[in-house]
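Morning, everyone. Please look at the screen while I talk. I'll go from the whole chain down to two residues.

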Amino acid sequence: QVQLVESGGGLVQPGGSLRLSCAASGSIFSIEAMGWYRQAPGKQRELVATITSGGVLNYPTYADSVWARSTISRDNAKNTVYLQIDILRPEDTAVYYCNSRINWRPNAYWGQGTQVTVSS
């Protein structure tokens with residue numbers, strides 16, 4: 001059984017930074033992609049950033065809303081993905097969910113979510 005466990009959410013002031021972590025555990029022999037989605041109150045879940053594995057190289061993609069101020073990275077040895085967002089804005093407030101495609105399964109795995117609140 002595979003699990004995704006997120007950490008790093010919390011309350012941050014506007015203009016601040018945040019680093020989220022998501023570790024995958026369980027019976028894993030391949031991780032094709034890892035990423036982050038977020039869902040704000042009353043809104044649909046949206047993609048924030050993903051990173052796929054091309055063997056030695058990892059390929060990141062970002063939503064337009066965060067691309068200039070965020071970095072997604074991956075530690076393949078630890079099956080962990082990180083998301084750093086800088087210059088946080090109140091509109092970044094949401095529950096952030098880790099998402100991963102593992103073991104070539106058609107459906108991705110999801111974490112339980114971590115709350116990020118940007119407020120003064």
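Let's start with a term: a contact means heavy atoms within 4.5 Å. Now take the contacts between residues at least 6 apart in sequence: 55% of them join residues at least 24 apart.

A word on where this comes from. This is a predicted model, where local features need pLDDT of at least 70, side-chain atom pairs count only at pLDDT 80 or more, and totals for chains, interfaces and linings use all residues. Residues are numbered from 1 along each chain as its sequence is written, and side-chain values use heavy atoms, with hydrogens and water left out.

Next, the fold. We have zero helices and eleven strands. Both are DSSP runs, numbered from the N terminus: helices are H or I with at least four residues, strands are E with at least two. The radius of gyration, taken over C-alpha atoms, is 14 Å. The globule rule, 2.2 Å times the number of residues to the power 0.38, also gives 14 Å for 120 residues, so the protein is as compact as a globular protein of that length. The C-alpha trace spans about 45 × 25 × 20 Å along its principal axes.

How much of the protein is buried? Buried residues make up 42% of the 120. Buried means under 20% relative accessible area, exposed means over 50%, and partly exposed is in between, using a 1.4 Å probe and protein chains only.

Now Arg74. Find it in strand β7, residues 70-75. Arg74 is buried, yet it has no salt bridge. That term needs a side-chain nitrogen of Lys or Arg within 4 Å of a carboxyl oxygen of Asp or Glu. The nearest side chain of opposite charge, Glu32, is 7.4 Å away. For charge, Lys and Arg count as positive, Asp and Glu as negative; His and the chain ends are not counted.

What does the side chain of Arg74 make a polar contact with? The side chain of Asn76, at 2.7 Å. A polar contact is a pair of N or O atoms within 3.5 Å; within protein, one must be able to donate a hydrogen and the other to accept it, and residues adjacent in sequence count only if both atoms are side-chain atoms. A polar atom of the Arg74 side chain also lies 2.9 Å from the backbone oxygen of Ile31.

Last stop, Phe29. Phe29 sits in the loop between β3 (18-25) and β4 (31-39). Is Phe29 buried or exposed? Exposed, with a relative accessible area of 64%. Leaving aside neighbours within four places in sequence, Phe29 is in contact with Asn103 and Trp104.
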